[in-house]
Amino acid sequence: MRRRLGKGFWIASGWIGLVLAAAVLADLLPLPGYDETLVGPPQAGPSLAHPFGTDSLGRDVFSRVVYGARVSLGVGIGAVLLGLLIGAPLGLLAGYRGKATDAVIMAVNDIALAFPALVFALAVVAFAGANLRNVLIVLGVLGVPAWTRLVRGTTMAFAGREFVLAARALGVRDRRILWREIVPNVSVPAASYAFLGMAVVIVAEGSLAFLGLSVQAPTPTWGGLINEGRTIMENAPHLVLAPSLVMFLTVLSFNVVGDRLRALTDVRQSGLEHVRRAAAQPLPTAPHTAGGQLLQVADLRTHFVTARGVVKAVDGVSFSLERGRTLAVVGESGSGKSMLIRSILDLLPGSGVVRGGKVYLDGDDLTVFSPQEMRQVLGTRLAAVFQDPMTALNPVRTIGTQVAEPLRVHLGLSRKRALAHAAVLLASVGIPEPGRVLRRYPHQLSGGMRQRVTIAMALSCGPDVLFADEPTTALDVTVQDQVLRLIHRQRQERNMATVLVSHDLAVVAEWADEVIVMYAGKVVERGPAADLFERTRMPYTEALLQSVPRLTDPAHHRLRVITGRPPDLAALPSGCAFHPRCPYARERCVTEAPPLFQETREHLYACWYPRGTEAALADPVPVDPVPAALGDPGPAGRDRNGSEPGGPGHNGAGRTGPDLKRTELAGPEGADNRGR
Amino acid sequence: MILHRLVRLLVVLLVVTFLSFALLSLLPGDPTTQILGVSATEEARAQLRQELGLDDPLFVRYAAWLGALVTGDLGTSYITSVPVTEALVERLPVTIELLIAAEIVAIGLAVPIGVAAARRAGGTADQALTALCFALLSTPVFVLGVLLILIFAVNWQVLPATGWTPISLDLGWNLTSVLLPAVTLGCGQLAVYARLLRADMIATLQEDYITLARARGLSPRRILWRHALRPSAISLITAIGLNLGALIGGTVIIETLFGLPGVGRLIVDSIFSRDYLTVQGGVVLISVGYVLVNFAVDLVYAAVDPRIRYA
């Protein structure tokens, strides 16, 4: 808690304490009286005897500022307490009772908030008389609506929580619930707001005082001092600067303290702040050969540096893809599928992310492309469709503007021609009346139509590879098949390659040529679709397959699920990440991470005891001749292996640097080169 | 929906005008003495009592006052003998120009600041701009004004400290005289706006449609300004409406500080000359204007966000 509040909080608290102490103890301090004239030469600048100088009557400005703090802080504390005492009960009532009580209180509140507060304060003080009591009451009452709203909001959030609902169901008295359960939870946001409110009231009181409508002379006020000083600003700027500086620092301190207290309760903000900027050094890449494939991904890694540690969202993924083929990426939520796509396309969020590995498009290394060069590739050669068509389109731009944009940017078409082309594109993805749809906004279209629009946008510049990240998950079952057929047909017509991310194995079986199965950021099994489904080796793949409900299952058949939860990426289990959930796990799985083994040239799996083989009993032969698990081969051994590209059964594992040596990897070239 | 809003608007207007009217009843002692001073004749007081309807019940007086208000009659000042409406109308253009200029300064600076800060949240630029906004937010408007006068008018002598040239007289001088007040007033708002825009922008930049815009190879500048700004501007527009109250409160101080002959200055001067009817008229004008502008802001929403327009 201490650390989370930060240094600024303590400095600000110190200043507030200092000003408060000075205000309270002003009479005891060895200061000249605030209205004692000619304690020094008039209008003298700051000196040892008079740290803030003297005013035109020779009064000590420091003393006047200290006594001014009494008014500022006194009105501040009084008004904040007044607002709290009236506003908090109203807020508790509205938030806890809800319904009609809430409606009435909030309606009145809304009306109260519709007032220009300072003008009203000014008018009331002007009519009722400018003195401490009136200023305090007016500023306090004007603060009530904000207090009510704050307390109501927090109360509502807690009144709906389980422990409060449970207490209510048990018949605990409302008053007891309010005091025991709700008030403690409201107190932190209220404390935060008390400080922010102090800042507001101090400024408001200062404004009134500046206009001469707060506590009257001879009592000094900060606003009054600034107002007095400004008439002789040319000759004695310290008269204005000293109270200005003190006032600024005080208001700033109250704001800082309030803001830090609020950050304590605001999960969103505190999560963001603690993400350190990731180290600039790139992650090492396993040696590999860039082949002639359309798309080749080699040892791709995406690590997030978070407060809880490094999250390896993508951890050494390799594959390659030819024109006209479909690669499916399967796995549970959080397995790194979507992050893999974003990582390939370099669409990662700005800070706290490190990407390693290589992505080749027709042999060109995209990871060394400048952002500008990358933009030439994105949209024109690589295109993407995401899961949720509801969020994939900009809600405030028309369909036409959005579909035509890549055409105008990349192909340089005029607005008119781009729109005409956009209409053709929409028609090609099966959208009726494309001319009308162009003028519509996304929310006016159905989910299926929106997904067709996003597909049309992705296809607009004729990409070579289409990345479809769960393109049908958010759609109706009846629409899912249409969208998949559309993607399939476009792939055939345009001779594109498709990367299809999915957790729906039925979809994968129908459309994919090759499959990679991901678990905790790693590829755990990979191979031609038919082979992988027939000869499943990795227990995780097996579990995924078994969890697909079948029509042949008896009615009320219990759904098979994978037991346990997907792993916490910031704290992965030791050894094989799947072992805590694996029914076949043995001791070795707990201690050592399995490398990728070869079933056939294309079919690889990461498991010590693969299903359906005798290896489930005996240890299998790893792809890598020198897996790190068998002991460190030493740098010489690694170098020798690394200098033999195209060696049989060879891949980059074991040469990824000392800190990564437990990560066994199969580069795509290992399998691919062997047959050449 | 529109009907609901109109009803609400009417209720708020009734409450606001009633409170403005009731201000006079806050006067301690005999209001006629307060308004006319101790030396006033008994006839003058009797006339005032009758005009203010002090012997009638409060709501009857309010109804009569409201009826007059609707026709634009706010009474005649006992101090200057000028109809209050006339005095206000004469001063109003100055205040409106100040408000518009301040909003232009605030929005014109807040949008680039908010966008620049959100572009790389947590980066150096973001931290510097966030700190700047926090400092501006903690600076009372009169403190800022005094500092700017000290710098630009006293030390560098590039801008006038006080004074006003009407727009009809000389546009150049008019702009010179409004520049410093507008910057002062706008800076406090700037921080509020920039912080809001930054927060919303950061949220927007995490949306799928922004990632997909990047996936289409669009430039960061295009994405920030054409794709992210408008969906992020909704809170900003609300804030512009809601903060108008603070801004109007600020004009009272700014007009006093810079010697501008606006409505705010008129109110302050009238307070000190005990010209209560003019004060009341000014408060009515400002409150009603504020409520109406907020209502208009609600409508502008719809234009910015088509989702609301069709809801």
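**Exercise 1. How many residues does the contact take from chain A and from chain B?**

Solution. The model is predicted: local features need pLDDT of at least 70, side-chain atom pairs count only at pLDDT 80 or more, and totals for chains, interfaces and linings use all residues. Residues are numbered from 1 along each chain as its sequence is written, while chains are lettered from A and ligands numbered from 1 in the order in which they are written.

Step 1. Two residues are in contact if their C-beta atoms, placed from the backbone, lie within 7 Å. Chain A gives 61 residues and chain B gives 59 residues.

Step 2. Helices (H or I, at least four residues) and strands (E, at least two) are DSSP runs, numbered from the N terminus. Elements of chain A that give two or more residues to the side touching chain B include helix 4 (117-128), helix 7 (174-210), helix 9 (238-265) and strand 6 (382-385). Helix 4 of chain A supplies the largest share, nine residues.

Step 3. Sort this side of chain A by class: 41 residues are nonpolar, 16 polar and four charged. Here Ala, Val, Leu, Ile, Met, Phe, Trp, Tyr, Cys and Pro count as nonpolar, Asp, Glu, Lys and Arg as charged, and the others, Gly among them, as polar.

**Exercise 2. Describe how helix 14 of chain A and helix 15 of chain A cross.**

Solution. Step 1. Axes are lines fitted to C-alpha atoms, for helices over the stretch in contact, and angles run from 0 to 180 degrees between N-to-C directions. The axes of helix 14 and helix 15 (residues 415-428) of chain A come within 8 Å and cross at roughly 110°.

Step 2. Angles of 65 to 115 degrees count as roughly perpendicular; helix 14 and helix 15 of chain A are therefore roughly perpendicular to each other.

Step 3. Contact residues include A:Val403 and A:Leu407 of helix 14 of chain A, and A:Ala418 and A:Leu425 of helix 15 of chain A. By class, this contact has eight nonpolar, two polar and two charged residues.

**Exercise 3. Summarise chain B.**

Solution. Step 1. Chain B has 15 helices and zero strands.

Step 2. The C-alpha trace of chain B spans about 80 × 55 × 35 Å along its principal axes.

Step 3. Of the 311 residues in chain B, 43% are buried (20 or more other C-beta atoms within 10 Å of the residue's own, with C-beta atoms placed from the backbone).

Step 4. Among contacts in chain B with a separation of 6 or more, 71% join residues 24 or more positions apart.

Key: Parallel < 35°, antiparallel > 145°, perpendicular 65-115°, else oblique. Buried ≥ 20, exposed ≤ 12 C-beta atoms within 10 Å, placed from the backbone.
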